[in-house]
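Please read the points below with the model open.

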Amino acid sequence: MRRSRGALAAAAAALLAPLLALGPGLGAGAASAQSVWTAWLNVSWRLPGSNQSAWSAGESGLFGQDSPVRPAAGLVVRPDEREGLNACSPRSNFSGAPPHAPWVALVQRGGGCMFSVKINAAARLRAQAVAVFNYEGAAGPEVQTMTHPGTGNTVAIMISYAKGREILQKIEKGYQVTMAIEVGKKHGSWMNNYSIFFVSVSFFIVTAATVGYFIFYSARRLRVARAQNRRQRRLKADARKAIGQLQLRTLKQGDEETGPDADNCAVCIEAYKANDIVRILTCNHLFHKSCIDPWLLEHRTCPMCKCDILKALGIEVDVEDQGEPAQTPSAPSEASNIPSVNEEDNHSETASSGYASVQGAEEPAPEERVTPESDHLRLVNASQTPEVDTLPQLDNPGFEGDEAHEQQVKS
């Protein structure tokens, strides 16, 4: 058992070696604060000249923080009465100590001095150990951990007031009391070390994960922000290029836009006046140049109809659309006439909003009859293929349709 305890003590010393290297007293203070050793006491007494003897044993002591944790034994000796049981006086003496045998000093806590003073007073007289018993009515637990630096290799333990008074009464009655101190159990040290280790590792993991996530999130936000800034710069550059391609016009007295029934600028909500410089967008809506230019730099769309000036002028800036071909493969010439007709219809509908066309405002635009799309398709198909007269097949109408389709394809 003692060998295993010695091995544990050696292992603890090896673990505490880095702490000892940090500074004087740091490792010892940390070790003593974390470890508490109990003391197993075997107290026996007998009356001189008789065969009457008795003994009691129990784990009723506690080693001091600065005491060596090792066994000790000897005759229990109290201080002389003239100096008191506290042994705080420099003249404290233990006249009952045997000159050539080991002995244990029994002193009481208190008296206005530190534990180290009591222990050194007994150590000067070659006491092997010092047992300090608590005073009556002491606050806190009956047995407390003592701090007594500078006491050397003297074993120091603390016992309760009741245990100390019991031993003291035996001595006062003339009994020879012998005390054997054995090393008890170690409380709290290894559990505290493991707890501190796991808490430190957990804190490090949580801190590292938090810092890592913060760095990742910040880098991602920075990358997205840079990409958005680059895209905004490209869009503004393209918007400036598109604004430069839009027509400017100076209004004159008598223009339709300066009349009492004319619309106001949709941006500043003010009426147009003579000598105002207006910009005409691709959708034929016009606005004050000083009002619409900042708007187009930020939004690139008409404030009224949301027409995109970049797409209207053929400026494509979307990154997703760069990999696609700019133009789709051309269809037959007859089929290409159909979207052109639709564009003319859209253009006529946009122009009907009350604004003049881009080319001039003196003459009103002639009204155009909107031809239904079915009529255009009929005209295109009529100009594309001649009619084919086919005889009806009364027995198989489906065959008739297939044959007519094949003849049209062959023609």
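1. A residue counts as buried when its relative accessible area is under 20%, and as exposed when that area is over 50%, with partly exposed in between. The model is predicted. By this cut-off, both Phe 94 and Trp 103 are buried.

2. The structure holds 3 aromatic pairs. In one of them, the ring centres of Phe 94 and Trp 103 are 5.4 Å apart and the planes meet at 45°, so the pair is classed as tilted. Planes under 30 degrees apart would count as stacked and those over 60 as edge-to-face.

3. Tyr 213 and Tyr 217 form a stacked aromatic pair, with 6.2 Å from centre to centre and 20° between the planes. These two tyrosines are 4 residues apart in helix α5 (residues 189-245), so about one helical turn separates them.

4. How exposed are the two partners? Tyr 213 has a relative accessible area of 55% and is therefore exposed. Tyr 217, at 38%, is partly exposed.

5. The unreviewed UniProt entry carries the annotation "transmembrane region" for residues 194-216. In the model, the chain over residues 194-216 is 100% helix and 0% strand, and the C-alpha atoms at its ends are 32 Å apart. The annotation comes from the record and may be inferred rather than shown by experiment.

6. Lys 170 lies over the face of Tyr 175, at 5.6 Å from the ring centre.

How values were computed: Residues are numbered from 1 along each chain as its sequence is written. This is a predicted model: local features need pLDDT of at least 70, side-chain atom pairs count only at pLDDT 80 or more; totals for chains, interfaces and linings use all residues. Side-chain values use heavy atoms; hydrogens and water are left out. Rings of Phe, Tyr and Trp (its six-membered ring) pair if their centres lie within 6.5 Å; planes under 30 degrees apart count as stacked, over 60 as edge-to-face and the rest as tilted. Buried means under 20% relative accessible area, exposed over 50%, partly exposed in between (1.4 Å probe, protein chains only). A charge sits over a ring if NZ of Lys or CZ of Arg is within 6 Å of the ring centre and within 35 degrees of the ring normal.
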